[in-house]
Amino acid sequence: MVEYNDLIFEISRSGRVGSSLPESDVNKVDLQDKFPKHLIRDIPAELPEVSELQLVRHYTALSNKNHGIDNGFYPLGSCTMKYNPKINEDVARLEGFSRIHPYQPAETAQGALQLLYELQEELAVITGMDAVTLQPSAGAQGEWTGLMMVKAYLKEKGETRTKVLVPDSAHGTNPASATVAGFQTVTIPSNENGLVDVEELKKHVDHDTAALMLTNPNTLGLFEKEIVEIAKVVHEAGGLLYYDGANANAILGKTTPGKMGFDIVHLNLHKTFTTPHGGGGPGAGPVGVKKKLIPYLPVPRIEKDEDKYVIDFNQPLSIGRVKGYYGNFGILVRAYTYIRTMGPEGLRQVSESAVLHANYLRKKLEPYFEAPYSQICKHEFVLSGSKQKKLGVRTLDMAKRLLDFGYHPPTIYFPLNVEECLMIEPTETESKETMDAFADVMIQIAKEVENNPDVVLESPHTTVIGRLDEVQAARQPILRYTKEEAVEIDKEIVKS
Ligand SMILES: *Cc1c(COP(=O)(O)O)cnc(C)c1O
């Protein structure tokens with residue numbers, strides 16, 4: 001039909017260009033003479049040759065095939081797919097922020113440094129910590145940074161502790177970060193209420209415990225009520241407490257990890273603090289610490305010296321740099337803008353609405369799905385598709401069916417300790433109508449599973465491509481093909 005459904009390689013015409021430049025008056029030189037031979041291509045790169053307008057339409061058509069928070073509901077649990085207010089974008093694009101250079105002398109970038117300094121201070125208040133680094137560029141990197149500080153702290157005390165305790169409901173990055181930081185992970189099973197069992201925890205805590213990593217509310221959306229006791233058990237054994245604050249949407253302005261007894265926290269600005277999220281980055285995973293860990297924070301530190309902001313490298317016990325320059329600056333500008341536009345009262349309201357919304361949806365859906373932890377939740381909740389599985393339809397099938405209605409599915413098969421798990425997080429900015437419409441579709445799917453399972457099993461029906469063979473994609477990935485093969489493969493996919 002229309003040419004934008006064609007592949008860009010198909011509309012390519014030899015010699016067509018998307019730009020017109022005046023004739024060059026610089027003498028031509030042969031690249032062969034300027035570069036080592038092995039860096040020069042034998043055959044030209046196979047790039048499509050199209051006009052500027054064709055190129056614009058190509059990328060616009062591709063972007064319309066994406067699902068994002070700006071074009072639909074995205075209730076991905078443990079992921080806080082939050083609306084990014086457009087004022088964040090305006091501020092990040094201000095010339096004073098977007099056109100500075102990281103090698104510029106500090107005296108000429110005082111405004112940017114002030115923003116970084118104030119963001120550190122604000123995040124310290126929000127988390128109840130004494131100091132914050134903005135360097136890590138993701139939650140996982142924040143975890144690793146925190147654990148490297150634990151290591152440096154223990155070394156300075158002359159201790160070698162090797163174990164990091166992680167509950168079985170934790171995000172997969174927790175044990176991964178512990179391993180990369182050189183610790184051994186010990187998994188703590190949750191009790192039947194989905195919480196850390198203090199008696200069970202005590203059995204695992206000893207002189208070899210470096211830290212406990214905890215998410216609170218945990219990844220089931222439940223608040224660890226015994227957190228004060230848990231902190232006491234770990235501290236009395238000489239271990240530290242690490243708070244995975246990737247999703248802090250339920251605690252903003254309500255409580256802080258500091259009050260709960262934690263020593264280290266990371267936040268995901270790309271989740272809780274609205275900055276864009278998805279597509280692999282960029283993100284930001286700032287880390288806050290209590291006083292005793294400040295000497296180990298990454299360098300450089302952004303500090304205030306009377307009325308000047310300075311970049312301080314003089315921190316002899318620091319674990320060093322964990323990221324080039326000062327973190328993902330544009331993301332930090334967006335988070336700062338969000339915090340300043342919301343204010344303390346606004347952030348408190350975020351948490352209240354996030355929790356209200358999650359409980360509203362939970363109550364609507366619980367009659368139709370198995371609810372393994374049916375109790376008041378925080379910003380997210382889990383359901384199980386075990387009832388539907390008995391009828392031959394799995395959670396994956398229901399997730400695919402949701403695509404037919406224009407919804408991004410919730411997180412599925414996580415946390416691992418819930419069978420056929422669906423993890424739903426509506427976020428605070430969704431309207432009642434949006435949540436009602438989503439609930440209606442979920443209920444319709446639950447009914448289809450009983451009356452017309454094939455429509456679910458064969459879904460999605462309305463997307464550009466149908467089901468992918470995920471197992472084959474993982475086992476036999478094809479990472480490189482010629483232009484002709486790409487055209488053939490894409491045609492196959494579009495047909496199926
Ligand atoms: C998303 C998430 C992480 C990891 O954050 P990344 O930025 O993806 O590295 C860690 N813990 C929890 C609970 C999360 O939801």
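Visitor: Is K271 buried or exposed?

Guide: A residue counts as buried under 20% relative accessible area, exposed over 50%, and partly exposed in between, using a 1.4 Å probe and protein chains only. K271, with a relative accessible area of 8%, is buried. This is a predicted model, in which local features need pLDDT of at least 70 and side-chain atom pairs count only at pLDDT 80 or more, while totals for chains, interfaces and linings use all residues. Residues are numbered from 1 along each chain as its sequence is written, and side-chain values use heavy atoms, with hydrogens and water left out.

Visitor: Where does K271 lie, and which residues does K271 touch?

Guide: Helices (H or I, at least four residues) and strands (E, at least two) are DSSP runs numbered from the N terminus, and K271 lies in the loop between β6 and β7. Contact means heavy atoms within 4.5 Å; leaving aside residues up to four places away in sequence, K271 touches S78, C79, T80, K82, A246, N247 and H277.

Visitor: What does UniProt list for K271?

Guide: An unreviewed UniProt entry lists K271 as "modified residue: N6-(pyridoxal phosphate)lysine", and such annotations may be inferred rather than shown by experiment.

Visitor: What should helix α7 span?

Guide: The expected span of a helix is 1.5 Å times one less than its number of residues. The 18 residues of α7 (residues 139–156) should therefore span 26 Å, and the end C-alpha atoms are 26 Å apart, which agrees. Just after α7, G158 takes a positive phi of about 75 degrees.

Visitor: Why is helix α14 described as largely enclosed?

Guide: Seven of the nine residues of α14 (residues 395–403) are buried, so the rest of the structure largely encloses this helix; what covers those buried residues includes α15 (432–451) and β12 (421–424).
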